[in-house]
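Please read these notes with the model open beside you.

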Amino acid sequence: MKALTWHGTKDVRVETVDDPEIINPRDAILKVTSTAICGSDLHLYDGVIPGMQAGDILGHEFMGEAVEVGKDSTLEKGQRVVVPFTISCGGCFHCQVQQYSACENSNPAEKQDMSASLYGHPMSGLFGYSHLTGGYSGGQAEYVRVPFSDVGPIVIPDHLEDDKVLFLSDILPTGWMAAENAEIQPDDTVAVWGCGPVGLFAIQSAIAMGAAKVIAIDHYPHRLELARQLGAEVIDFRKTDVREALMEMSGGIGVDAVIDAVGMEAHGFAIDNMVDVVKQKVGVGADRASVLKQALLAVRFGGKVSIPGVYGGMTDKFPTGALMEKGLQVRSGQTHVQKYTKPLLDKIEDGSLDTTFLISHRLPLDEAAKGYRNFKEKQDSWTKVILKPGMAAK
Ligand SMILES: [Zn+2]
Ligand SMILES: [Zn+2]
């Protein structure tokens, strides 16, 4: 089959590789119909996530048709499903309390050492996201093996086209959980850093949850315009002093909740961020955390901090003083996707949630490398790229 494989920093290629096979009784094999490139994939593309190996198949946002099922899979051949990017067994302690992204059984034992030493506990399995998270082949391919197919995949009714439901695999639940983690109250003013897909969906979710005011922070004009269309007020951080503006827009008290939808590759011009850029380049592994630092200073005393943006390592000069003295509530983490797929599918079906506005490009799988390049370099206009393995190459 054809698949998008990783070969190093800014080097991804569509190659012919072996077809996936059923390995465990709970597996299913999907024929992929749609798969998206995620902002998190750009961290792999940029080479800042450890544990990648040449030839790894990327892609954690995908859906398709079951073409082979193991004897303990609950799927039937021919069913169309969306698959959560988090691989979860459904039976361990964390799965039982719906903390699916902390599943204890999805990352094979021999892959657990690095994350266990970095984080104190091993990470669980994710599709197409380095050997730190299990080394699973991803779904930017013609076919993909789905472990625990009796737990994760959600069956999609025929009348809902791929474009309407594909984002249930990651970014829609991720944006939703980011807003939920900000525990939004009706009078709240919420600031969201980053108007990429997750930031925009967090804005949409925060508004749906009843936030009085949502403020979007970015510098790409088109992305800020999308945020405005969703109902947010906007700040262009290249033109405006963010902290001053947020103080003014929150009546001088600071915003009630902050959402960092940028993560560790923040563009920033503060001195400490420049130092972090250099350290990251030479492999010391400091995350560039200028957004999180700014958010911690902008949130009001007693406020709420939600971190859906990806961080992987350590951060220099982190404002622990602000964190403690301001009495903040911080919530973060990879999304517990399986918890959200059904309620969000219901919202898509009843028409109360539509995320198709985000899709800017649809490409055949053969053009995946071009998709990565442009999603990285033309972020303003390439807001979301969907790869269609069944689409003929031009
Ligand atoms: Zn993603
Ligand atoms: Zn589990």
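**Notes on the predicted model**

1. Along the chain, the donor residues of the zinc ion (ligand 2) are spaced C-x2-C-x2-C-x7-C. They are C89 (SG), C92 (SG), C95 (SG) and C103 (SG), coordinating at 2.4 Å. Donors here are N, O and S atoms within 2.8 Å of the metal (3.2 Å for Na, K and Ca); water is not among the atoms, so sites may look incomplete.

2. A word on the basis. This is a predicted model, in which local features need pLDDT of at least 70 and side-chain atom pairs pLDDT 80 or more, while totals for chains, interfaces and linings use all residues. Residues are numbered from 1 along each chain as its sequence is written, chains are lettered from A and ligands numbered from 1 in the order written, and side-chain values use heavy atoms, without hydrogens or water.

3. The site of the zinc ion (ligand 2) is tetrahedral, with angles of 102 to 117 degrees among its 4 donor atoms. The ideal angle for four tetrahedral donors is 109.5 degrees. C95 and C103 are buried, meaning under 20% relative accessible area (1.4 Å probe, protein chains only).

4. C38 lies in the loop between strand 3 (28-37) and helix 1 (39-45), and H60 in the loop between strand 4 and strand 5, so the pair ties together parts 22 residues apart in sequence. Both C38 and H60 are buried.

5. Which strands form the open sheet? The order is 2-1-4, with antiparallel pairing. Strand 2 (11-16) and strand 4 (56-57) stand at the edges with a single partner strand each, so one side of each lacks a neighbour in the sheet. Strand 1 (residues 2-8) joins strand 4 through 2 bridges; T5 is partnered with I57. Strands (E, at least two residues) and helices (H or I, at least four) are DSSP runs numbered from the N terminus. Two strands pair if DSSP finds at least two bridges between them.

6. Strand 6 (residues 80-83) is covered on both faces: R80 and V82 on one side, V81 and V83 on the other, are all buried. Strand 5 (residues 61-69) pairs with strand 6 in the antiparallel sense over 4 bridges, with M63 opposite V82. Strand 8 (residues 154-155) pairs antiparallel with strand 6 over 2 bridges; V81 has V155 as its bridge partner.

7. The largest cavity has a volume of about 60 Å³. V83 is among its lining residues, including also F127, F148 and Q338. By class the lining has 8 nonpolar, 4 polar and no charged residues. A cavity is a set of points on a 1 Å grid over the protein atoms alone where a 1.4 Å probe fits but cannot get out; a pocket is an open set with protein on both sides within 12 Å along at least five of seven lines, and lining residues have an atom within 4 Å of a point.

8. The second largest pocket holds about 1200 Å³. Of its 43 lining residues, Y119, M123, S332, G333 and Q334 are the closest to its centre. Helix 5 gives the largest share of the lining, 3 residues.

Note on methods
Tetrahedral: all angles 85-135°; square planar, octahedral: opposite > 155°, others 65-115°. Buried < 20%, exposed > 50% of the residue type's maximum accessible area, 1.4 Å probe, protein only. Points joined across faces, edges and corners; volume = space filled by probe spheres on them. Nonpolar A, V, L, I, M, F, W, Y, C, P; charged D, E, K, R; others polar.
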